[in-house]
Amino acid sequence: MGKDRAALVMASPSPHDRSRRPSEDQDEEDPVDQMISRTGCGELHYAVQECMAEHQDWRKCQSQVQTFKDCMMTFQKARKEQLMKQRPSTESA
């Protein structure tokens with residue numbers, strides 16, 4: 001059963017497979033790319049992807065991963081603070 005399961009896992013498409021992305025001349029953009037772009041961390045996300053494509057080993061991309069993670073954490077903290085500021089004004093209305 002172990003071999004069958006391994007074959008199934010390897011046959012499954014990778015969620016990070018960019019070959020399925022629409023061509024550049026189409027207006028469709030990947031929803032994940034759109035979401036990350038709105039955070040201001042898009043370039044750092046692409047740096048992680050480029051590193052992974054080059055090295056095929058996430059351990060060699062820890063610097064890029066950490067920089068992207070820090071950017072996302074900063075965005076999430078700012079977003080949370082923004083929502084907390086809006087909350088009291090919504091409740092009093």
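Predicted model: local features only at pLDDT ≥ 70, side-chain atom pairs only at ≥ 80, totals over all residues.
Tutor: Residues are numbered from 1 along each chain as its sequence is written, and side-chain values use heavy atoms, leaving out hydrogens and water.

Student: What makes up the secondary structure of the protein chain?

Tutor: The chain has 4 helices and 0 strands, in the order α-α-α-α along the sequence. Here helices (H or I, at least four residues) and strands (E, at least two) are DSSP runs, numbered from the N terminus.

Student: Why is His45 called buried?

Tutor: Buried means under 20% relative accessible area, exposed means over 50%, and partly exposed lies in between (1.4 Å probe, protein chains only). His45 has a relative accessible area of 13%, so it is called buried. His45 is found in helix α3, residues 42-55, and, not counting residues up to four places away in sequence, His45 touches Asp33, Ile36 and Phe68, where contact means heavy atoms within 4.5 Å.

Student: Why is Cys51 called buried?

Tutor: Cys51 has a relative accessible area of 5%, so the word buried applies to Cys51. Cys51 also belongs to helix α3, whose buried residues are Gly42, His45, Val48 and Cys51. Leaving aside neighbours within four places in sequence, Cys51 is in contact with Gln56, Lys60, Cys61 and Gln64.

Student: How do you know that the span of α3 agrees with its 14 residues?

Tutor: The expected span of a helix is 1.5 Å times one less than its number of residues. For the 14 residues of α3 this should give 20 Å, and the end C-alpha atoms are 20 Å apart, so the two values agree. Just after α3, Gln56 takes a positive phi of about 55°.

Student: What makes up the largest nonpolar core?

Tutor: A nonpolar core is a set of buried Ala, Val, Leu, Ile, Met, Phe, Trp, Tyr and Cys residues joined through side-chain atoms within 4.5 Å. The largest one has 6 residues, namely Ile36, Cys41, Val48, Phe68, Cys71 and Met72. Helix α4, residues 62-91, gives the largest share of this core, 3 residues.
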